[in-house]
Amino acid sequence: MKLALLPTIIGMIVASPTLAQTRDQSQPLRTIQSATRSATIQPAAASFFSGAQVYPYSEGTIFQVYAAPGLVTDITLQPSEGLIAVASGDTARWVIGDTTSGSGEGKQTHVLVKPFSAGLTTNLVITTDRRAYHVRLVSTATTALSSMRWTYPQDELLALRRKTEAELAATPVASGLAIENLHFNYAITGDKAAWRPLRAFDDGAKTYVEFPASLANGDAPPLFVVAADGKAELVNYRVRDRYYVVDRLFDAAELRLGLKKQQIVRIDRLSLRSKRRGA
């Protein structure tokens, strides 16, 4: 009797679109739930500073915020960051607003949130002129974050890099160079361009090409190293004041500028023997 009913039961299950749809959706839903949990950062005791929860910002991260009825939680954005929009999944049971503090470069936007009751969960998307924040809001009976803000590791790294580059650019080219190690056995030939270098020299490891002050008033020519077979290859170099600094030595190089009527200036390193003979 049981065996006779088995095909009928199987047929009912297969024929049911609701059961099939539920089974098809279960795996994607579990995937979404798992990914959301993995992307969410919770408050941590070590990240509290002066009563504020401080999260390191990273794109794609979901930041957890706890709020409570009767209490306002202040979500503070980066100074001078401009607010574009704030959107929430539940605006009926959450009070969400924004305000600002300070002025000029120190002006900051504050997104203020407050739930009507405990046990609520929703999300918050804050878009600015710099980035997008994804926040998960959870309401409790009495416990709430008074304020929350972010640090910006990528911005700090970029600022440090710019500071280092500025300090390097401000350092005179001659700093750290020993006169006795410099070699000026270079010949400069070619077109009489306004940017034609004044001289070239090396310290045994790096090559320096000095330009006239007029270089700052026009286009700077790219530098190509010319191989023994005559093939030219663009070389990496740094611009320091009126100098190109190349982190290598070369026997021949060319500065080229222009398309239809190209100006070319050649730099050749002479042997010390031939330099003495020509002196």
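Two strands are taken to pair if DSSP finds at least two bridges between them. Strands (E, at least two residues) and helices (H or I, at least four) are DSSP runs, numbered from the N terminus. The model is predicted, so local features need pLDDT of at least 70 and side-chain atom pairs count only at pLDDT 80 or more, while totals for chains, interfaces and linings use all residues. Residues are numbered from 1 along each chain as its sequence is written, and side-chain values use heavy atoms, with hydrogens and water left out.

Strand β2 and strand β3 (residues 52-56) run antiparallel and are joined by two bridges. Within this pair, F48 has Q53 of β3 as its bridge partner. Both strands belong to an open sheet of six strands, ordered β2-β3-β11-β5-β8-β7, in which the pairing is mixed. The edges are taken by β2 (48-49) and β7 (94-101); each has a single partner strand, so one side of each is left without a neighbour in the sheet. Strands of a sheet pair through backbone hydrogen bonds, either parallel or antiparallel.

Another open sheet consists of five strands in the order β12-β20-β19-β15-β16, with antiparallel pairing. Here β12 (186-190) and β16 (232-234) are the edge strands, and because each has a single partner strand, one side of each is left without a neighbour in the sheet. On average, neighbouring strands of this sheet are turned by 25° against each other, direction ignored; axes are lines fitted to C-alpha atoms, for helices over the stretch in contact, and angles in general run from 0 to 180 degrees between N-to-C directions. Three bridges connect β15 (residues 223-226) with β19 (residues 252-257) in the antiparallel sense. V225 is bridged to A253 in β19.

Nonpolar cores were defined as sets of buried Ala, Val, Leu, Ile, Met, Phe, Trp, Tyr and Cys residues joined through side-chain atoms within 4.5 Å. Buried denotes under 20% relative accessible area, exposed over 50%, and partly exposed the range in between (1.4 Å probe, protein chains only). The largest nonpolar core contains 20 residues, and I75, L124 and W150 have the most contacts inside it. Two or more residues each come from β4 (62-67), β8 (108-115), β9 (121-128), β10 and β11 (147-151). A second, separate core has 18 residues, among them A200, V209, F211 and F250. Contact denotes heavy atoms within 4.5 Å. With neighbours within four places in sequence left aside, the contacts of L124 include I75, V86, I96, V111, V113, Y133 and L137.

S139 is part of strand β10 (residues 132-139). With a relative accessibility of 5%, S139 counts as buried. The side chain of S139 lies 2.7 Å from the backbone nitrogen of L120, a polar contact being a pair of N or O atoms within 3.5 Å; within protein, one must be able to donate a hydrogen and the other to accept it, and residues adjacent in sequence count only if both atoms are side-chain atoms. Beyond four places in sequence, S139 is also in contact with residues including A67, W94 and P115.

A194, in the loop between β12 and β13 (199-202), counts as exposed at 61% relative accessibility. Not counting residues up to four places away in sequence, A194 touches P212 and S214. Y237 is located in the loop between β16 and β17 (238-240) and is partly exposed, with a relative accessible area of 27%. The C-alpha atoms of Y237 and L223 are 8.0 Å apart, at a separation of 14 residues along the chain.

Nine salt bridges were found in the whole structure, a salt bridge being a side-chain nitrogen of Lys or Arg within 4 Å of a carboxyl oxygen of Asp or Glu. R131 and E81 form one of these through their side chains (3.1 Å, N to O). R131 lies in the loop between β9 and β10 and E81 in the loop between β5 (73-76) and β6 (83-88), 50 residues apart. Both R131 and E81 are buried. A salt bridge between E210 and R199 has an N to O distance of 2.4 Å. E210 lies in strand β14 (residues 207-210) and R199 in strand β13, so the pair ties together parts that are eleven residues apart in sequence. E210 counts as buried at 7% relative accessibility, whereas R199 is partly exposed at 37%. Salt bridges also link E254, R256, R266 and D268 in a network.
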